[in-house]
Amino acid sequence: MSAANGRTPDPILLGVRHHGPGSARAVRRALSAYQPDVVLIEGPPEADPLVPLAGDEDMRAPVALLAYPAAGDPRKQAAFWPFAEFSPEWQALRWAAAHEVPVKFVDLPAAVHLAAEDAPRRESGVRSDPVGALATAAGYDDPERWWEDVVEHRFDRPGAADELAAALGPFLAIGEAMAEVRAHTPAPPEAERVEEERREAAMRVGLRTALRGYDRVAVVCGAWHVPALTAPLSTAAADAAVLRGLPKVKVAMTWVPWTHARLATGQGYGAGVRSPGWYHHLFVTLQDPVPRWLVRAAAVLRRDGVPVSSAHVIEAARLADALATMRGRPLPGLVEVTDAALAVLCEGDPLRLELIQRRLVVGERLGRVPQRTPGVPIARDVAAAQRRLRLPPQPLPREMDLDLRREIDLERSRLLHRLGVLGVNWGMALAHRRGRGTFWESWRLAWQPEFAVDLVAASAYGTTVRDAATARVAEQAAAAASLAEVTALVERCLLAELPEGLPTVLRALDERMALDHDVAHLMDALPALARTLRYGDVRRTDLPALRHVTDGLITRIWAGLPAAVGGLDDAAAAGMRDRIDAVHAAVALLDQPDLTARWHDTLAALSTRDDVHGLLAGRLNRLMLDVGLLDVEAARGRMSLILTTGVPVARAAAWIEGFLTGDGLLLVHDERLLRLVDGWLTGIPPEAFVEALPLLRRTFSEYPAPQRRQIGERAVRLGSSDDGRPAGAEQPDIDDERADLVVPTVRALLGRRV
Amino acid sequence: LTIDRTESPMVQRRHAEDEYAHELATLAVGDDRIRPPGWKLSPAAVVTYLLGGQAADGTPVTPKYIGSRRLIEVAVATLATDRALLLLGVPGTAKTWVSEHLAAAISGDSTLLVQGTAGTPEEAIRYGWNYARLLADGPSAAALVESPVLRAMSEGRIARVEELTRLPSDVQDSLITVLSERTLPIPELGGEVQARKGFNLIATANDRDRGVNELSSALRRRFNTVVLPVPAGMEEEVDIVTRRVVELGRALELPEVPPAVDEIRRVVTVFRELRNGLTEDGRTKLKSPSGTLSTAEAISVVTNGLALATHFGDGKLRAVDVAAGIVGSVVRDPVSDQVVWREYLETVVRERDGWRDFYRAAREA
């Protein structure tokens, strides 16, 4: 042993549970007791230059080390090593920074990590959380409570003579336990085994280097790796052989802010920590963690307007204790506390518990990194795009028109839309300028310094604007509350051209539309989808998924429409008329026989209902006439039924408006229809005519002038054939001689021969 | 007319403590853990009695409640901490069932019951008087008519209040003194009844029709609340329905019908999918109707279908027999539920393999 040789003492090996507050406390204590000359921490060696930043006073956990390829394929995955306040690695970093002790990261370099063909592999099962596995085996479902009960309480004898021995006791025990666990755990799949072998070889290389330069070495690593670093170490030559010739890429590293929520979803060290908020609480609260936790839970509920008294907190604490006793545990853990909070503080309401889960168990902590932290890859991507597209960031607002037929303008538009998705509102879309085609877009651009911060926040979503926007859209789709929001996202996906994001958004759309009870929303969503489906204006769009969603949408529309068209007022009916028109057009555009047939059935069923607003009923009949579901004869029959005295004038006028709006040729060509309308019009009593006039004017004024003239001429001829003929048949007595006297005057007035 | 508690084979339904007397007795014999004062069993044994398992001597204990262990543990721990227990849940989630079995296991007596209705008087919670005695002798202990709650207090047992939210508010509030002071003053006799150890109260309430008589916050905070959910898994619910259908069929003395598991599975599937708003394969989201679609309703649809099949059909449970029952359970509101049901039929049932017969039957129903 080296210590026996009098050269250097053995290093102390602090095997920890990643993100375990118990381990974090124990590490701090051990470091204070041992006062090492150097601290080695499991992590990528490229991060060594970033260590001083960890001690910066502007640095707040949770933060993460981010490694990304410095050049080359930007679509390559970035890797993160997140740290929370309660992470043992973070505590070791902070301790070293405060005591000006150098820190070295020991592990496989990120360069090797990112060069691997597939996504970075993560340890699985017992390897990722061996301490948790021990706790589970001991019947604990909260590994931290196990650590406290079994590890800390056993070794923490008050007044222990030798503080160092007491502080290192748990780590010796963990190291021994791990040797047992490793001996009895079946070998992992080959790829994972090789990865582990390489990582541990790299750790040993780092350890040997440190032992050459320093006397007192402390190593903070996952408990699993302790036996691999325990003396006697394998030979340096063997480790070098394992590591020789591994492919590498050039990487850059930086610190990025992290959140508790992101810790909970699981990336990086270990798997996701499901309860970072609880761990943080356990770490910072030394006395009475359970009552203090319940007090905080009560505060969360009160902040949301739920009245919770101190008596509630007392009862919840009692229940948690009783539950722990009944389940045979020395102290309540998160499970007991949660059960008690639900039964007492939340009065059984799962929504309130959800609040506690989100705000407290997971938590909303957001980390912060100092100003002088190196830049993030997405910011570089934006800068590169700005150079390429000749779109320099300028703080003064300026307006810009983009012609989307030009490739460079199209790319500019995409960049602006994508940044908009990421919350970087560099460009603001202006309303279309009049008289221009749909291929024009107008923007107002203004670059603000705060965008740099927004880009850092966006960097958690991806390393390029495109990837980040795709991930962000997917997240928004999952969080969207209403159908309208998701529909807007579909639109944004198409505008920003994020084909990879579209499937997620479509899935969200599928879910939201199933839950949306307002058929109007469904109808609003259809046209844009139908257009995309028909013209395929997006490259690589997942057409089958889109078709599935569209079919579902149409099915739901026709199932819900019958209930939605009854009892509408004028304004609602007008809105619904436009929607029915839009859906009708969309169904025609899709041109699928079965869809069309079912849509037509729906129209037919609705068209004869009496409780449907006149405007809609008229419109439905017109649509049916146009597609040939109704022949002219039947349409005439229906119109004559409406235009009888039994129907209120207002309804009849609305019906006429619905039936005739848009295209007047029908009246030009079908004289009998015109006659019906004409007869009804002239038969309206004067007071009702005033009421009907605005509707009629609205209907007819929309026709193009030539059509109006033609209808007018036809109407005159109706008059001549209807009223003129009988007038000719029964000639009143005319005194020809006296009539002849006025003829010249009339001729002069009309300017023509009579 | 005789009113007594003697057992007769002719009673329609036996109390839990009689029906399962054997299980309770064996559990008590082998129960060496600490019992709270006044309890017949330790909390752990009570949990075993409810969820099923084995007594110390290996006698099997049937499960009374099929569902989450954590819920039952919270319920029992609540009663062990001297807090009253409020069981909440939509109709048909076995609230009454659980409360009856908890009372039977803890006090050996599930009969101290107050049924909450709009007309329940305060006497049902406190005490009343035997007026003939009162007039003859004046106020005396002999003239007092104890309520079930008062009896539970003086004997140290569990009292049960069913449908707590249906009680008028003033009657509800008479429970506050009982639960906080654990005493009931009787000014007429110049004394009080103090609860003996072992006394506690289990109330059930339906959280669907809120606002019937919402509990005052003073009363509410005397209770720990446990919400009984609808069954979590498909297999669990099929299991519950099948068990209960067989038990009920025996009680109704329907001829033995082969258990049509496929049809039961279909009923449970429809109920679950509409209740959860999600198809069982997790692919399609659905709207949920206004009704609760509880397991109890599924049980009655199947029982009803069995009766139809037995008396009017060929004795085999078919789609036609259950379709009408299902439609009746789903479509409670003729407008909005009709939309939900049509959408479900057209988007889910129509395209599902082997459901053709059910689609036709449901469209006709």
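Here are some friendly notes on this predicted model, point by point.

1. Some ground rules come before the details. Residues are numbered from 1 along each chain as its sequence is written, and chains are lettered from A, with ligands numbered from 1, in the order in which they are written. Because the model is predicted, local features need pLDDT of at least 70 and side-chain atom pairs count only at pLDDT 80 or more, while totals for chains, interfaces and linings use all residues; side-chain values use heavy atoms, with hydrogens and water left out.

2. On confidence, the predictor gives the complex an ipTM of 0.79 and a pTM of 0.65. The mean pLDDT (the predictor's confidence in each residue, from 0 to 100) is 79 for chain A, where 87% of the residues score at least 70. For chain B the average is 86, and 94% of the residues score at least 70.

3. Within chain A, helix H1 (residues 2-5) has the lowest confidence, with a mean of 42, and strand S2 (residues 38-42) the highest, at 93. The pLDDT is below 50 over residues 267-271 of chain A, a stretch that has 17 contacts in the model beyond near neighbours in sequence; contact means heavy atoms within 4.5 Å. Residues 721-730 of chain A are also below 50, and that stretch has 5 such contacts. Where pLDDT is low, the predicted coordinates should not be read in detail.

4. Chain A as a whole contains 35 helices and 10 strands. These are DSSP runs numbered from the N terminus: H or I of at least four residues for helices, E of at least two for strands. Of its 754 residues, 49% are buried, meaning under 20% relative accessible area, with exposed being over 50% and partly exposed in between (1.4 Å probe, protein chains only). Among contacts in chain A with a separation of 6 or more, 75% join residues 24 or more positions apart. The accessible surface of chain A is about 35300 Å², and carbon and sulfur atoms hold 55% of that area; the areas come from the Shrake-Rupley method with a 1.4 Å probe, and for residues only the protein chains shown count as cover.

5. Helix H16 (residues 334-345) of chain A is worth a look: 11 of its 12 residues are buried. Just after H16(A), Glu347(A) has a positive phi of about 50°.

6. In chain B, helix H15 (residues 336-349) spans 19 Å from its first C-alpha to its last over 14 residues, close to the 20 Å expected at 1.5 Å a residue. The expected span is 1.5 Å times one less than the number of residues. H15(B) is mostly covered, with 11 of its 14 residues buried, including Asp337(B), Trp341(B) and Glu343(B).

7. Trp558(A) sits in helix H25 (residues 543-564) of chain A and counts as buried because its relative accessible area is 5%. Leaving aside neighbours within four places in sequence, Trp558(A) contacts Leu595(A), Arg598(A), Trp599(A), Thr602(A) and, from chain B, Arg342(B). His600(A) is 42 residues away along the chain, with 9.9 Å between its C-alpha atom and that of Trp558(A).

8. Finally, Leu749(A), in helix H35 (residues 736-750) of chain A, counts as exposed because its relative accessibility is 71%.
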